[in-house]
Structures are given as structure tokens and as C-alpha cells.
Amino acid sequence: MKRKLSAFVLACAAAFAPATANVSVRKAEAARDGAGAKGRAPRTQPAPQAAAAPQRDEKLWKRALALHRKAVVVDGHNDIPTIMADEDYDLGVPSAGKYHTDIPRLKQSGMTGTFFSIYVDRQYAAPDWIAKNYATRGGSARRALDLIDVSYRMLEKYPDDLVFAASAADIRRAKKSGKVGVLFGIEGGHAIENSLAALREFYRLGVRYMTLTHNNTNEWADACCDTSRHNGLSDFGREVVREMNRLGMFVDISHVSDKTMSDVFDVSKAPVIASHSSARAFSNHKRNVPDELLKRIAQNGGVVMINFYPVFLDEKVRVAALGRDEKLRGQRGELRERYKDDPKRLEEELQKLNEVNPIPNTTLSMIVNHIDHVAKVAGVDHVGIGSDFDGVGFLPEGIRDVADLPNITYELLRRGYSDRDVLKILGGNLLRAFDEVERVAGRRKVSGEGSLRRLGAAAR
Ligand SMILES: [Zn+2]
């Protein structure tokens, strides 16, 4: 045990060093969100610089590390499966400076449970794309299955480091065993291809949350950053929520429209989560949760897990990113046309373009401002962390990758949070909500009682 602790301290000793990583955007959460959703996003962004980090109080740092090591730490959202699938990335291979996540750094981070994002891009639901690619690449559900498979592959390859987790009890067991619990959450409700049976199969495979949409409105729920077609949830969308409650799967409101969020609160009998969303009070982005809905998550018993993406954290960064998107629209379009058959070169060229057009960054302190805000508006029982590691192009100064998570614990203690509240924020709140989701589901048959309804044109 002692040996482990010293390795952990060493691993974290570089905290607050200036960011040097220049991490690629895999999912381009960045540009798609920043630019207002339409069109292909640039896949890379440089890591901008922020102000110098404050001096660290070594005594407090030691206390933070001890507390962090004791905590059940749960991260609501990590996009590494997309990289594993698309680039044949082996999670056991150290990748600092390139990706935010690998097994050595997951262990350094003190992570107990991390939700791997089973992210399904909207293209897999686009009729034109499906018509062209279905035979070779399938549709939305197959994409989700591919990401689940590649995640299981890593779990099987590294049984001494990783352990599959699909319940609150599994997370607690992961803590006892000293392994990193890996959970699955689907990102983009179009993954179920309008089928409750498919939803149930994903549950069987271990999926424990689903964002009802990604940035795209689907056939039963409106998204944050797309046109509204259902005024929130359609009737079938309500049925999806009820079925998720029945199964014991978190309904995830990250990426949905405000009206969809509100409808979810009306329908859900179990706590909901926002697996990776921040507060709109600090960055006026539709991906963030406004105060009136933060209050509702308190009544619902759910958890808002703060996203670390600087555009969602800081209005100044959001405005700068928008301005840059406008300015570079034409040049990016030309590059996409020129390198349409060479995605690797396209990514490099887009990266270069961003590098010569830098935007300001924010700092880790801003993440904690969001935690403070949610704690103030919804209560300290309703906030957690949902990093979006490997789904965003850059991170705030002070948090380079997953290994830097203890810096958040330090900042919380520095601001006077009690040990008890820090433990809640790092993962205790998510565990409590998970227990409640499982209690609401009760002892049930996965298929036996479920509706066989399928979404037909008339039902939309
Ligand atoms: Zn997302």
C-alpha cells in the first residue's frame, strides 16, 4: 500500500506545470459546439496558454492527495473508445502528449470508475451516408456495438488494471480491488435506431447511461444545437425515458435542448444525470445547463457532472472560439475540399491553421467555479465531474490529462470545501444517484416486461 501511495504522489508531482500537450480533437466536440452545430468540424485545436499557475501549498497538496486516494472518483465521460476503434489505439500504451487517457495515467489519476463514451456520430443516422456505407460500416447501432466491443477487448487484455462495472456495487468493488472500473454510456440516442428492444440489448451489454441526443435532433428528441422537431420529447421519446427507468439506466441530459431536459424531469421517476455539462451562468452555450434546470435536477435527485472543455467553462473562450470559427470558415472549407481524400493530412492542415490563429484559454479554477455554482444553485449533493477527456481539443491550464485530476481536489480544499463534500463531488453523489436508479428499477426482467413498440412514421 505504501509503495502505491508514493508512486501516486510522484505521478502527481508535476501538477500545475504549464500545459505542453497538443492534443488532437477526436470527436471535435469543440468546433461542432462552438460553431453552432452545422457542418464538418476541424478535428484539431492547439492548446492555448493561460496565465501562470499559482504557488502550491505543499501541506495542503499532501492532504489533497490523501483525500483523493481515499475517494471513490467517478468521471462521467471519456471519449477514448472512439480513438481505440478508429486508430486501433491500445489503452495500455502510454500516450501522454497525444491523448488524455491511458492505463498508467488512469491509475495515477486515482480513478475508481470512468464512463467510456460509446459515441455515435450523427453521420451513422444520415440516410445518404447509410445508403452508401451500410454494407461495410452499418448504421448507428452497429457503430455503438463496435465501440463496446473494442472496450471489452481492452478489459479482457488488461484484467489486472481494469474491471468492467455496471452498477454502484461494481464501482465500490473496483475501489476495494484497486482497479479502474470501466462503465459504458451511449452518447447519441439515435444509437438505438428507434427500437426499445435495441435499448434493452445495450443494457444487457452493460450500458448504464444514454444521452438522449448528441448535438443532432433525432426522431424522438430535440438536441441542444439543432432544429427543434418535437418541442422537446415526442411520445416515443417519453417511452424511451420510461423504459430506461424500468431497466435501471441513467437518462443523460447532456446535449439535449432545454425543453427536452424539462420534459425528462416531468417523466423520469429516477435521478437523471448530465454526464458532461457545465453551467450556463459562466458560458452562455446551449450545451450548458441553465439555472432553472439546475434547480430541477436538485428536486430530481440527479447530478450535473462538470465538463472541462474551456469553451463550455468560460464565456471569454466561447466568444473567441466563435469568432475564430467565423474567421476561418472559408479557409477550412477550402482545406476540406482539397484534402477530402486524405483525412490525416486534412487534420494536420486544420491543426496548423488553428495554431496560427490562437484563442485564449481558461484555468482549472474555472472548473471549480462551475462546481461552486451548481453547489450553490442545486446543492452540493448534485454536482460531479464529467471531464470529456479525449473528446475535446484542449483543456484548461492546470489539467493536462486524466492524471491531473487530484488538482481539482486540491482546489476544492483550498476553497474551503469539507472533506465530506469533496468526497461527494468526486464520486459520492453519482454513487448515491446510481443506487436510486437501481432502486427505482427494482428486480425486473430485462425483456419480459418491456414494450415492443417500434417507432413508425405515424408515431413520431
Ligand atoms: Zn458530448
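**Close-up 1. Ser117 of β2 meets its partner in β4.** In this predicted model, Ser117 stands opposite Gly185 in β4. That pair belongs to a parallel arrangement: seven bridges join β2 to strand β4, which spans residues 180-187. Ser117 itself is buried, on a side of β2 that also holds Gly113, Phe115 and Tyr119.

**Close-up 2. Strand β1 beside β2.** Here we turn to another neighbour of β2. Strand β1 (residues 74-78) runs parallel to β2, and three bridges join them. Look for Val74, which stands opposite Gly113 in β2.

**Close-up 3. Strand β2, covered on both faces.** Gly113, Phe115, Ser117 and Tyr119 lie on one side of β2, and Thr114, Phe116 and Ile118 on the other; all are buried. Seven of the seven residues of β2 (residues 113-119) are buried, so the strand is largely enclosed by the rest of the structure.

**Close-up 4. His255, a loop residue with positive phi.** You will find His255 in the loop between β6 (250-252) and α11 (258-267). Its phi is near 85 degrees, a positive value in a residue other than glycine. His255 counts as buried because 28 other C-beta atoms lie within 10 Å, where 20 or more are required.

**Close-up 5. Asp388, in the loop between β9 and α17.** This loop connects β9 (383-385) with α17 (406-414), and Asp388 sits within it. Although Asp388 is not a glycine, its phi is positive, at about 70 degrees. With 28 other C-beta atoms within 10 Å, Asp388 is buried.

Terms used: Residues are numbered from 1 along each chain as its sequence is written. This is a predicted model: local features need pLDDT of at least 70, side-chain atom pairs count only at pLDDT 80 or more; totals for chains, interfaces and linings use all residues. Helices (H or I, at least four residues) and strands (E, at least two) are DSSP runs, numbered from the N terminus. A residue is buried if 20 or more other C-beta atoms lie within 10 Å of its own, exposed if 12 or fewer, and partly exposed in between; C-beta atoms are placed from the backbone. Two strands pair if DSSP finds at least two bridges between them.
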